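Please look over the following protein model, with attention to its overall dimensions, its helix packing, one of its pockets and its backbone torsions.

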Amino acid sequence: MLYLGSSVEVTFENKKKEKKKDMLIIGPQTTPVSLCFESNHRLIAIELQNIGQYYLLGGCPIHTLIDSHLEGDAVFGNPVKELIDKLIETNDLEKIKKELDQFFLKILNRNKLKTNRSDMLLNELPQNIPIAAMALAAGKSIRQLERLFKDRIGVSPNFFRKLRRFATAYKIKELNPNQTWTQIAYSCGYFDQMHLIKDFKTFLGHNPSYINQMLNQQYQEYTNYQIPQ
C-alpha cells in the first residue's frame with residue numbers, strides 16, 4: 001500500500017490504532033482491520049502474485065508477516081521517499097505505473113532470487129486443485145508442500161484456498177454490486193450462502209448485510225469521484 005498525501009489511521013482487531021503513511025508492506029491478513037482516511041488522501045494498492053512478496057522481500061519467510069506489516073522505508077531505504085515524492089507530483093496513471101514498475105524491478109533485480117518449478121507452481125495455482133495433486137505436481141510430499149506454502153505464501157494450502165476463494169467472492173461483489181451473495185457463493189464454489197457467511201465472520205468480522213451497505217456507499221463515492229486536474 002502507498003499512501004500519498006495525508007496519513008491513514010489503522011484500527012486493528014484488538015482496537016489498537018496507529019497512524020501510517022508512505023509505504024506499507026502488508027503480510028497475509030487473516031483478521032479484520034479498518035482504515036480511516038482524511039479528505040485529501042490518495043491510495044495506491046498493489047496486489048502481488050502468490051509468491052510475489054517472498055521474492056520482493058529477498059526470501060523473507062512470509063509466515064512471519066501474518067496479520068502484520070513492514071514500513072517500506074525500513075525495508076527499501078531512501079528510494080521509497082524518492083518514489084513517494086514522484087507519485088505525489090502526478091495524476092497521470094501511465095506515469096505512476098511506469099515509476100512503480102521501475103522501482104519494484106530494481107528491487108527484484110537486486111535481490112537476485114532464482115525461481116524454481118515449485119515456486120512457479122505456487123504462483124499459478126488453479127482454484128480447486130486437490131492438495132495431493134498439487135504436491136505431486138511440485139514433486140513434494142504433502143508435509144513438504146505445507147512447509148513451502150508457509151514459507152512462500154505465509155499460510156497452509158487449505159487456508160490459502162479458503163482465503164483466495166473469499167477474496168474472489170468479495171471482489172466480484174465490489175465490481176458487481178447488483179449480484180446477490182447467494183449467486184456469488186455458488187459461482188465461487190461455496191456449498192451455500194451460510195458457508196460464505198461463515199467466512200465473512202472469520203475474515204471481516206461482519207455479516208454480508210453490513211458489507212452490502214459499506215460497498216454501496218463506496219460504489220456511490222467511486223462513481224461520483226473526479227480526478228483532480
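For 229 residues a compact globule would have a radius of gyration near 17 Å, and the 19 Å of the protein chain therefore agrees with that expectation; the radius is taken over C-alpha atoms, and the globule rule is 2.2 Å times the number of residues to the power 0.38. This is a predicted model, in which local features need pLDDT of at least 70 and side-chain atom pairs count only at pLDDT 80 or more, whereas totals for chains, interfaces and linings use all residues. Residues are numbered from 1 along each chain as its sequence is written, and side-chain values use heavy atoms, with hydrogens and water left out.

**Overall build**

- The C-alpha trace of the protein chain spans about 50 × 45 × 35 Å along its principal axes.
- The protein chain has eleven helices and five strands, which are DSSP runs numbered from the N terminus (helices H or I with at least four residues, strands E with at least two).

**Helix α3 with helix α4**

- Helix α3 (residues 79–88) and helix α4 (residues 93–111) pack at an angle of about 170 degrees with their axes 10 Å apart, where axes are lines fitted to C-alpha atoms, for helices over the stretch in contact, and angles run from 0 to 180 degrees between N-to-C directions.
- The two helices α3 and α4 are therefore roughly antiparallel to each other, on a scale where angles under 35 degrees count as roughly parallel, over 145 as roughly antiparallel, 65 to 115 as roughly perpendicular and the rest as oblique.
- Pro-79, Val-80, Leu-83, Lys-86 and Leu-87 of α3 make the contact with Ile-96, Glu-99, Leu-100 and Phe-103 of α4, contact meaning heavy atoms within 4.5 Å.
- The residues of this contact of α3 with α4 comprise seven nonpolar, no polar and two charged, given that Ala, Val, Leu, Ile, Met, Phe, Trp, Tyr, Cys and Pro count as nonpolar, Asp, Glu, Lys and Arg as charged, and the others, Gly among them, as polar.

**The second largest pocket**

- The second largest pocket has a volume of about 230 Å³, a volume being the space filled by probe spheres set on grid points that are joined across faces, edges and corners.
- On a 1 Å grid over the protein atoms alone, with a 1.4 Å probe, a pocket is an open set of points with protein on both sides within 12 Å along at least five of seven lines, and lining residues have an atom within 4 Å of a point.
- Helices α3 and α4 each supply at least two residues of the lining of this second largest pocket, and α4 gives the most, with six residues.
- Among the residues that line the second largest pocket are Phe-76, Glu-82, Gln-102, Lys-106 and Arg-110, and the lining divides into five nonpolar, one polar and five charged residues.

- The contact of α6 with α7 has seven nonpolar, no polar and no charged residues.
- The axes of helix α8 (residues 157–175) and helix α10 (residues 193–203) come within 11 Å and cross at roughly 100 degrees, which makes α8 roughly perpendicular to α10.

**Backbone torsions**

- Most residues other than glycine have a negative phi.
- Asp-22, which lies in strand β2 (residues 17–26), has a positive phi near 65 degrees.
- Asp-67, in the loop between α1 (52–56) and β5 (69–71), has a positive phi of about 55 degrees although it is not a glycine.
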